[in-house]
Structures are given as structure tokens and as C-alpha cells.
Amino acid sequence: MEHGKIDNVIIKEVKNIAVGILICSCVMQLAFLLLGRYNYTVFIGAVWGGAFALLNFFLMALSMQKILEDPATPEDMLKQKVSGSYNLRRLLLVGALLVSFLVPAIYWLPVALSYFFPTITIYIRRLFKHKEDTHESEDTQVK
């Protein structure tokens, strides 16, 4: 892999997470609508939170790529870099949430909920991948 170039795996995974965030966001907005709590601030909060959730995932993947590019880095230095990246990304998310509290046009709850969407997407993808793997192994055993 070329130094400084974003790996194709990262691009693929960020696209998958973006789709998952979009689907989760639509479900969340539908829930707000069904509860009679939907207005434009929910939509703006969903977009704001989803954008920062995706940015957080992208920055995490990029920092892991960068950290792993130098295999000679000592383990304690790796842990320090991972921890530093984590702390900066958390600070970014807290800042985005703080903005949603200060700007009346952005409802804070969809912002906060959006931060869970990448994790939800990963778990759902694992579940379907596990089911696919199970079906493939059953098909192989039947033949």
C-alpha cells in the first residue's frame, strides 16, 4: 500500500457505514414521526449527528491505517497513538453534541442517537454475514 493513500478497504467500509447510518437515520426519523415529535430540528439533528458519526468512523479507520503502516512501532507507542486518536475523536463528538445544545435548529437527541448507528450497522452486518456463512457451510455439507 502506498504511504498516505487511503486503502480501498477503508473506502468500502466507510461506504457501508454511510448506508447503515442513512438507514438507521430514516428509522429514527420515522419513530419521531410516529411518536408525534417530528419537526425540522429532528431532520437537522439526524443529518448533523450522522455526518459526525461517519466522520468519526472514517477518522478512526484512517488513524488505524496510519498507525499500522509502520510495523516497527513499539507496542506501548501503538497503544498511546490509539488512545490519543480515540480521545480526539470523542472530543470531536462531544463538540458536535454541544453545538446541538446551543443551536436551537439542531435537536440534540437525534445527534446523540446517531453516534450509535455505526455500531448498530456493524452488528447487523455481522449477523447477516454469520447467517450467510452458516448457509454456505450447510450447502457445502449437503453436496
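Predicted model: local features only at pLDDT ≥ 70, side-chain atom pairs only at ≥ 80, totals over all residues.
Visitor: Why are α2 and α3 called roughly antiparallel?
Guide: Helix α2 (residues 40–68) and helix α3 (residues 75–102) pack at an angle of about 170°, and their axes are 10 Å apart. An angle over 145 degrees counts as roughly antiparallel, under 35 as roughly parallel, 65 to 115 as roughly perpendicular and the rest as oblique. The two helices are therefore roughly antiparallel to each other. The contact (heavy atoms within 4.5 Å) includes Trp 48 and Phe 52 of α2 and Leu 78 and Lys 81 of α3. Its residues divide into 13 nonpolar, three polar and three charged.

Visitor: How do you know whether Gln 29 is buried or exposed?
Guide: Buried means under 20% relative accessible area, exposed over 50%, and partly exposed in between, with a 1.4 Å probe and protein chains only. Gln 29 has 13%, so this residue is buried. Gln 29 lies in helix α1 (residues 8–34) and touches Tyr 38, Val 42, Phe 43 and Ala 46, not counting residues up to four places away in sequence.

Visitor: What makes Phe 32 and Tyr 107 an aromatic pair, and of which kind?
Guide: Rings of Phe, Tyr and Trp (its six-membered ring) pair if their centres lie within 6.5 Å; planes under 30 degrees apart count as stacked, over 60 as edge-to-face and the rest as tilted. By this rule the count comes to four aromatic pairs. Phe 32 and Tyr 107 are 5.8 Å apart, centre to centre, with 75° between the planes, and the pair is edge-to-face. Phe 32 is in helix α1 and Tyr 107 in the loop between α3 and α4, 75 residues apart. Phe 32, at 9% relative accessible area, is buried, whereas Tyr 107, at 28%, is partly exposed.

Visitor: Why is the pair of Phe 101 and Trp 108 called stacked?
Guide: The ring centres are 5.4 Å apart and the planes are at 20°, so this pair is stacked. Phe 101 is partly exposed at 49% relative accessibility, and Trp 108 is partly exposed at 36%.

Visitor: Which residues do ring pairs link into a cluster?
Guide: The cluster holds Phe 32, Phe 101, Tyr 107 and Trp 108.

Methods: Residues numbered from 1 in each chain as written. Heavy atoms only, no water. Axes fitted to C-alpha atoms, helices over the stretch in contact; angles between N-to-C directions. Helix = DSSP H or I, 4+ residues; strand = E, 2+ residues; numbered from the N terminus. Nonpolar A, V, L, I, M, F, W, Y, C, P; charged D, E, K, R; others polar.
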